[in-house]
Amino acid sequence: MSALRVEGVTVWREGRCLLDRVSFAVGAGETVGLVGPSGAGKTTLLRVALALERPTEGALYWGDQQPWALRAAALRGARRHVGVVLQQPAASLDPRRTVFESVAEPLDTHAGPLRAAVRRARVLRALDRVGLAASLASRLPRAVSGGEAQRIAIARALIVEPSLVLMDEPTSALDPSAAASLLNLIADLCGQQTVAFLIVSHDLAAVGALARRLLVLDAGRLVADGPTDSLYAAPPCAALAAALAARVASGCGVDHGPS
Amino acid sequence: MQTEQAPLTLQGFGLRYGSDVVLAQIDLQVRAGEVVALVGASGAGKTSLLHAVLGLSPAGACAEGGLWIHGVDRAQATEAEWARLRGRVLGLIPQDPLTALPAHRRVDGLLDEVLRRHQPTLDRRARRAAQARLLQQVGLDSALRQRYPHALSGGQGQRVLVALALAGDPAILIADEPTSALDAVAARALLGLLAQEAHARGRAVLLVSHDLAASAAVADRVAVLAAGRLVEVGPAAAVMCQPVHPYVQALVAARPPLLPPRPRRLALAPTAAPCAQPRHGCAFAATCVQADGRCVEQVPAWRTVAGRQVTCHHAGEGA
């Protein structure tokens, strides 16, 4: 069964069609990349997949559940299955809470009251899973780096053991070294195939490093869905070709553009 | 020498916040008609350098060494002089249009305000004409002048910021991560616009970025900053394609390749020791794989290796 299935999703807002009959599925444990130019509808699609925005038409499935068919309380419970990591690491953490409290929050929401020792152990295990030391737990967000903040966001998403995690530009706010380190971590998590990942990014190389399968969105339509490497080698749509061309122009041997 | 000087010249420039040294021994010139990319990781001192160049270092910051803006010595510049330089000599393009543009002002109102301030002799009609010219110069449809910032795309907002920076016709244009909010195609177009301002209109452009590949694509020269010091300065293609400083080599290798073969793990650039105290040795002595006794004991001096300036005892040895 797929972790996420989107069927014929169409979104109209203020007289504009933001998504036009978009259909795809992300299998259990599968990692899929989603790319497209600004304004293509990537963020809207993420909001639909998170059940934060109800599509004008079409259906959304998390596993075998249809979030929009659930009552409000049941929908809140079902949200445990879908985690999210946002673009701006600093802005996605509550500045007044320690790292420990931020990571524990989803646990409190979805796993009910836990014994303090169990709660603490699970938070520390989640931090360890993303390569963060327990000593970081008592810090406030202003005292962590961008790369650490992004790891905290991932720990927050993973702590309730979701079946799917959506990532919106996870590395775009980081410098190359921090980004590389985070990509290594995400690649490890993807490789475990216990959680499905949908990774949205402008950075074609970052998506290529993580996802074997790629979705290309342009002007609200899904214009390509296939193996990342073959789409990069022979882009079947103008949007991807333009993005590749913009990138490749910077290259010497390092950037490995399509040959 | 003053008359021959590049519009933006730093010579042995340093900056301290209390006892924290944030910049040391910066030698850098940005000449008229060239784009210089200043590249570095978070915390390297890019923003401190940018603030110093704009005369906006926080109170308590202590500068040393030479900094000349269009021949004006920072050591002698009064606050009034800085105010004159900002806008008319120094144009700043900030990072994010959504935070840099006031949400309640239309594009035409913003442009008009900047034109009134920097070109006070213009009357209303001339300012309207200047607005149209500026929008055209940055490749924006003049109908956009009636929009509020929220109704602009990221690329359009960034171009409005460029138009605002150009309104005072500055000799020096400074762009602070101008493409980090843009997709690849829009980013490429914006960088092309900056290059055009340098090459066609003779401005000195300093492009501050953490994206080595993107900035190298349009820059004439690249200067890599690590822990408050420049480590490699040279022609963009040389620095990007054949870096000689181990840190820059690692930065280049940290970018994932677009197509296979892909490394199993991306290499990570070594971390530089912060230049907090007067230091012996190289900032990378503790983390660099090539480090030896000399690296621990002697601060590497500038050397010329393969056509660029570099501070590494071992640079060029393997070549």
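Predicted model: local features only at pLDDT ≥ 70, side-chain atom pairs only at ≥ 80, totals over all residues.
I take helices (H or I, at least four residues) and strands (E, at least two) as DSSP runs, numbered from the N terminus. Residues are numbered from 1 along each chain as its sequence is written, and chains are lettered from A and ligands numbered from 1 in the order in which they are written.

**Entry 1: chain A overall**

I looked up the elements of chain A and found 9 helices and 9 strands. Its C-alpha atoms fill a box of roughly 55 × 50 × 35 Å along the principal axes. I took the radius of gyration over C-alpha atoms and the globule rule as 2.2 Å times the number of residues to the power 0.38. For 259 residues a compact globule would have a value near 18 Å, and chain A agrees with 19 Å.

I call a residue buried if 20 or more other C-beta atoms lie within 10 Å of its own, exposed if 12 or fewer, and partly exposed in between, with C-beta atoms placed from the backbone. Buried residues are 46% of the 259 in chain A. Two residues are in contact if their C-beta atoms, placed from the backbone, lie within 7 Å. Among the contacts in chain A with a separation of 6 or more, 65% are between residues 24 or more positions apart.

**Entry 2: the sheet in chain A**

I count two strands as paired if DSSP finds at least two bridges between them. In which order do the 6 strands of the open sheet in chain A stand? I read β5-β6-β7-β3-β8-β9, with mixed pairing. The edges are β5 (82–85) and β9 (221–227) of chain A; each has a single partner strand, so one side of each lacks a neighbour in the sheet. From one strand to the next the twist averages 20°. Axes here are lines fitted to C-alpha atoms, for helices over the stretch in contact, and angles run from 0 to 180 degrees between N-to-C directions.

I then checked β3 (residues 31–35) and β8 (residues 213–218) of chain A, which run parallel and are joined by 4 bridges. Opposite A:Val32 stands A:Arg213 in β8(A). Helix α5 (residues 146–158) of chain A packs on the sheet and touches β5 and β6 (164–168). The direction of α5 makes about 175° with that of β5(A).

**Entry 3: chain B overall**

Chain B has 11 helices and 12 strands. The C-alpha trace of chain B spans about 70 × 55 × 35 Å along its principal axes. With 319 residues the globule rule gives a radius of gyration near 20 Å, and the 21 Å of chain B agrees. I found 49% of these 319 residues buried. Residues 24 or more positions apart make 62% of the chain B contacts with a separation of 6 or more.

**Entry 4: backbone exceptions**

Most residues other than glycine have a negative phi, and most peptide bonds are trans. I noted a cis peptide bond between B:Pro260 and B:Pro261, with omega about 5°. B:Pro261 is in the loop between α10 (246–253) and α11 (293–297) of chain B.

A:Glu161 has a positive phi, near 50°, and lies in the loop between α5 and β6 of chain A.

I located B:Ala227 in the loop between β9 (221–226) and β10 (229–235) of chain B. B:Ala227 counts as buried because it has 24 C-beta neighbours inside 10 Å.
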